[in-house]
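Please examine the sequence and the structure shown below before reading on.

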Amino acid sequence: MRRTSYWESELPPEVPPPADLPARVDVLIVGAGFMGRWLAWFLGKLPHPLRTLVIERDRFSYGASTRNAGFLTCGQASEMLADATEVGMDRVLETFLLRRQGIALVRSEFPGIALDECGSTDYDEITQQTRELLKALNGATGEEVYSVRTAQLGHEVRPSVFNRADAGVHPVRLLRALQDGASAEYAFGIQLLHIGDGTATLSTAGRRHELRYSRAFVCVNAFAGELDASSRVQPGRGQVIVTSPVQTQTDHSLGYLNHGYDYFRFVDGRLLLGGGRHMFRAAEATRELEGTPAVREYLQQLAQRIIGNSNWQVEHHWAGIMGFMNGSHLGGSPRRSVDASTEYVAGFGGMGVALAPVYAQQIANELK
Ligand SMILES: Cc1cc2nc3c(=O)[nH]c(=O)nc-3n(C[C@H](O)[C@H](O)[C@H](O)COP(=O)(O)OP(=O)(O)OC[C@H]3O[C@@H](n4cnc5c(N)ncnc54)[C@H](O)[C@@H]3O)c2cc1C
């Protein structure tokens, strides 16, 4: 059973799979999440027209993009410190700058889309290392993006790191805007079975269809392993709850706890809270899009701390699947060519909302 996310109440009406598919396209994009849609968007801006087809096996999108938390963020301090021990500070800074670029792209390409300009707050402990990191991040941009200030979390008042550049987005509204404004053709209910060397084998309503392409980009995120046994993208489920409307003293910025594993924001007066993956690692290494009672219970207890009272109920609970390159946040480039005309662009971990537009623009520039 599909448990819809809070955002999916705004899905457009379902369209049946097309009766006919083209025999050949210039560009085939597989997967209509943020990556596939941003790529279609930027390809549509090229000076020379390319016949671009986006195929998606779901009725709209079913992986991470419609089921995330909608944080348009360039990253928070405690997570970056943890990442730096794994991949080094240079890579962390590089990713921070890419995500910043992605935020700027969302703002410039869609000035009409309403963002929650609330900034973000990292409530983890501030150490000397944190202060040094903030200096490096601000230094890299020449702006005071990060500052230390006092913030309220439930009944706790504590020093915390504030990022003034981060914002919240409604993911489904952005996905719809990307599709509505693009010149690409979209076909839903079409599954890719096999791809390579200029030919894709598709399945639509039980029928097979062979499609030839000049270039293909397989943007299937955590599902890459279903198509390509040598894929290094590993799945990581993320679960989210949304409460009934709440009364709380907690700051209404995007919030992070526990090195970014737990994250929350306020939407329509409700708490949206995701996380718990670090507590249930083995069980969450799955492509199964179903939430579990254990994570729900964990999130419910954390919600009590964040809100500071128990005058609310959980009204929504869903799961989405992230793709982690080599099992890690910053485990390598999401781009991987399998032959001269076919490339996977998959594995953005928990960062795809800001990173996907950057990679999409990069690919479009290469096809100029
Ligand atoms: C709970 C949760 C919270 C998150 N919060 C944030 C956040 O706040 N900020 C942030 O930046 N990132 C966040 N992320 C990560 C972010 O959502 C992803 O990085 C991003 O959505 C990835 O986009 P994508 O297009 O690569 O993949 P997806 O959105 O997963 O899209 C892949 C698409 O491919 C389709 N597909 C798969 N196989 C096939 C096939 N064989 N044929 C046809 N179609 C196929 C799927 O149906 C799916 O629609 C979160 C993720 C989760 C799960």
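The paragraphs that follow treat the nonpolar cores, then the cavities, and then a pocket.

This is a predicted model, in which local features need pLDDT of at least 70 and side-chain atom pairs count only at pLDDT 80 or more, while totals for chains, interfaces and linings use all residues. Residues are numbered from 1 along each chain as its sequence is written, and side-chain values use heavy atoms, with hydrogens and water left out.

A nonpolar core is a set of buried Ala, Val, Leu, Ile, Met, Phe, Trp, Tyr and Cys residues joined through side-chain atoms within 4.5 Å; buried means under 20% relative accessible area, with a 1.4 Å probe and protein chains only. The largest such core has 76 residues, and those with the most contacts inside it are Met 35, Trp 38, Tyr 146 and Leu 174. Its largest share, nine residues, comes from α9; helices are DSSP runs (H or I, at least four residues) numbered from the N terminus. At least three residues of this core come from each of domain 1 (23-67 + 172-232 + 329-366) and domain 2 (117-164 + 235-325), with bounds from an automatic or database domain assignment. Leaving aside neighbours within four places in sequence, Met 35 is in contact (heavy atoms within 4.5 Å) with residues including Cys 219, Phe 348 and Tyr 359. A second, separate core of 26 residues includes Leu 53, Ile 190, Tyr 213 and Leu 289.

On a 1 Å grid over the protein atoms alone, a cavity is a set of points where a 1.4 Å probe fits but cannot get out, and lining residues have an atom within 4 Å of a point. Grid points are joined across faces, edges and corners, and a volume is the space filled by probe spheres set on the points. The whole structure holds three cavities of 30 Å³ or more. Of its 13 lining residues, Arg 91, His 329, Gly 332, Pro 334 and Leu 355 are the closest to its centre. Helix α3 gives the most to this lining, with three residues. The second largest cavity contains about 60 Å³ of space, and its lining residues include Asp 228, Arg 232, Pro 334 and Tyr 344.

A pocket, by contrast, is an open set with protein on both sides within 12 Å along at least five of seven lines. The second largest pocket has a volume of about 220 Å³. Among its 14 lining residues, Trp 7, His 170, Arg 173, Val 267 and Asp 268 lie nearest its centre.

Technical notes: Helix = DSSP H or I, 4+ residues; strand = E, 2+ residues; numbered from the N terminus. Buried < 20%, exposed > 50% of the residue type's maximum accessible area, 1.4 Å probe, protein only.
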